[in-house]
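Reader: Please take a close look at the ligand site in this model. I would like the contacts and the surroundings in one connected account.

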Amino acid sequence: MAKPISLEKILFSQGFGTRRYCADLVYADLVKVNGVLADDPEERIATDGLMLNVEGKDWEYHEKAYIAFNKPPNYECSHKTTHHPSVYSLLPSPFVERGLQCVGRLDYDTTGLLLISDDGQFIHKMTTPKKNIGKVYRITTPDPITEKQMDHLIKGVVLDDDPKPCFATACEKLSENSLAMTIVEGRYHQVKRMMAAVGNHVEHLHRSQIGAYCMPADLAQGEWRWLYPNDLKQLSQSIQ
Ligand code: URA
């Protein structure tokens, strides 16, 4: 059982503003703790299973945030964007306030599963190739996908900025013009460059799975959800 913490500190840790602002939210009768209106920002609260309600919105307490997001096209995975709006603009503002970061970036035109967290160790674990965590991409191409191209992707292709080849750890043809490819690294535009290197092209790119965790079928584009210990276990499972 975690040690009880003052309500003001809890609200601050979740990204609801400065400690002073969080105390004022309580004084303004805008905070409920497990369904009961709070009146003392100094009150010590047990955080296990804690459900807050802030300004009329329910908020599950999470010491660290782990989020699955279904990225729509035409959003950039950056706080300071250049040409398109930021994925962070689609998330509740406490996430931005508490410093959540994308776990590896997707290109602005790529859709699908994006993890977002404020746990540095988790971000490192999910992005380092050493952990062998596969990321599955569904690729649509303008030209038919050949056996030769798939063979080449599995054997490894050399990209122009690094003599070390990069490999697909699995390739499954889904139709004449679509392919599911698994990679464990996350080099710059890696999938698009790998497809170009084997003589094809990416028309649309969608990330459908990380480790053994698949994009939930009921998570619509632009929506997010909390990840729980069982989801985190699936995320770190290696796949073929
Ligand atoms: N590879 C790419 O080329 N783009 C992405 O967004 C992700 C992987």
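Author: An oxygen atom of the ligand is 3.4 Å from a polar backbone atom of Q190, which counts as a polar contact, a pair of N or O atoms within 3.5 Å. A backbone N or O atom of K192 lies 3.0 Å from an oxygen atom of the ligand. Taken alone, the ligand exposes 240 Å², and the protein buries 95% of that; accessible areas come from the Shrake-Rupley method with a 1.4 Å probe.

This is a predicted model, in which local features need pLDDT of at least 70 and side-chain atom pairs count only at pLDDT 80 or more, while totals for chains, interfaces and linings use all residues. Residues are numbered from 1 along each chain as its sequence is written, and side-chain values use heavy atoms, with hydrogens and water left out.

The ligand is surrounded by L106, D107, T110, Y137, H189, Q190, V191, K192 and L205, each having a heavy atom within 4 Å of the ligand. Four residues of this shell are nonpolar, three polar and two charged. In this division Ala, Val, Leu, Ile, Met, Phe, Trp, Tyr, Cys and Pro count as nonpolar, Asp, Glu, Lys and Arg as charged, and the others, Gly among them, as polar. Helix 6 (residues 190–197) gives the largest share of the shell, three residues; a helix here is a DSSP run of H or I with at least four residues, numbered from the N terminus.

Note on methods
Polar contact = N/O pair within 3.5 Å; in protein donor to acceptor, adjacent residues only side chain to side chain. Helix = DSSP H or I, 4+ residues; strand = E, 2+ residues; numbered from the N terminus.
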